[in-house]
Amino acid sequence: ASGATASTSPGSGAAILGVGRDADVMFAQMLVAHHTQGITMADLALSGRGESSAVRELAATIKAHEEPVLAQARQWLADWKEAPLAANHPGHKEPGMMSAPALAQLADTSGRDFDLLWARMMQGHGEGAITLAGYIQRTSTTAEVTALAAAIAETKRAEVLSLKAIR
C-alpha cells in the first residue's frame, strides 16, 4: 500500500541534520517524533490486534528501549531551550517515519495480517532509526549524543533482525 513504507532514502547527514549543535538539536527533535511514533506502533501490537506472541514480546521490548531514549531527547531539548518538532513538521523527512494513512491502516488491521504489516512497518521504522543514528555519529561534536546514537543503532539492528524473523 502506498504510504505504508518508510522513507529510507540515502543522503548526507548534513543535509538532514546539519552539523555540530544544530545537528544535535535536529537529532533530538527527530528522535522525539520517531520514538513517539515507534511507541504508538508498539502500543498497537500490545493491544492484542495481532495473533503472534512474538510480535507482542518484541513490541514490549521496543517500547522499553524507546521510552528512555525519548525521555533523554526531551531532556536535551529542554536543556538546550529548544522545542520538539510540530507533529506535522513540514520540510523534515525523517527516515523510517510512517505516514498517517499507513498508521491508520495498521490500526485497522487484525490477526496475522496485523502481525505481518506491523513487522514490515516496524522494520522500516527501525532501519530509519539506524540511518539517523549513523548521520548523527558523523555530524555531532557532543560525546553524549554520539554515544546515544551508537546505542540506538546497535539496539535497532538487533530489533530489525528479530522483525525479519517474524515475516
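Student: Which residues have the most contacts inside the largest nonpolar core?
Tutor: Residues are numbered from 1 along each chain as its sequence is written, and side-chain values use heavy atoms, leaving out hydrogens and water. A nonpolar core is a set of buried Ala, Val, Leu, Ile, Met, Phe, Trp, Tyr and Cys residues joined through side-chain atoms within 4.5 Å, where buried means under 20% relative accessible area, exposed over 50% and partly exposed in between (1.4 Å probe, protein chains only). The largest such core has 25 residues, and the most contacts (heavy atoms within 4.5 Å) inside it belong to Phe27, Leu31 and Ile152.

Student: Which element gives the most residues to this core?
Tutor: Helices are DSSP runs of H or I with at least four residues, strands are runs of E with at least two, and both are numbered from the N terminus. Two or more core residues come from each of α2, α3, α5 and α6. With nine residues, the element that gives the most is α2.

Student: Which residue follows α3 with a positive phi?
Tutor: A positive phi of about 90° is found just after α2, at Gly48. After α3, the residue with a positive phi, near 55°, is Lys81.

Student: Which residues are linked in a network of salt bridges?
Tutor: A salt bridge is a side-chain nitrogen of Lys or Arg within 4 Å of a carboxyl oxygen of Asp or Glu. Glu66 forms one with Lys156, with the closest N and O atoms 2.4 Å apart; Glu66 lies in α3 and Lys156 in α6, so this pair ties together parts that are 90 residues apart in sequence. Lys156 also meets Glu159 at 2.7 Å, N to O, and these two residues lie three apart in α6, about one turn of the helix. The network therefore consists of Glu66, Lys156 and Glu159.

Student: In the pair Arg21 and Asp24, what is the relative accessibility of Asp24?
Tutor: The side chains of Arg21 and Asp24 meet in a salt bridge at 3.7 Å, N to O. The two residues are three apart in α2 and hence separated by about one helical turn. Arg21 is partly exposed, with a relative accessible area of 42%. Asp24 counts as buried, with a relative accessibility of 0%.

Student: Over which residues is the pLDDT below 50?
Tutor: The protein chain averages a pLDDT of 87, and 84% of the residues score at least 70. Where pLDDT is low, the predicted coordinates should not be read in detail. Beyond near neighbours in sequence, the stretch with pLDDT below 50 has 34 contacts in the model, and it spans residues 1-14.

Technical notes. Predicted model: local features only at pLDDT ≥ 70, side-chain atom pairs only at ≥ 80, totals over all residues. pLDDT = per-residue confidence, 0-100.
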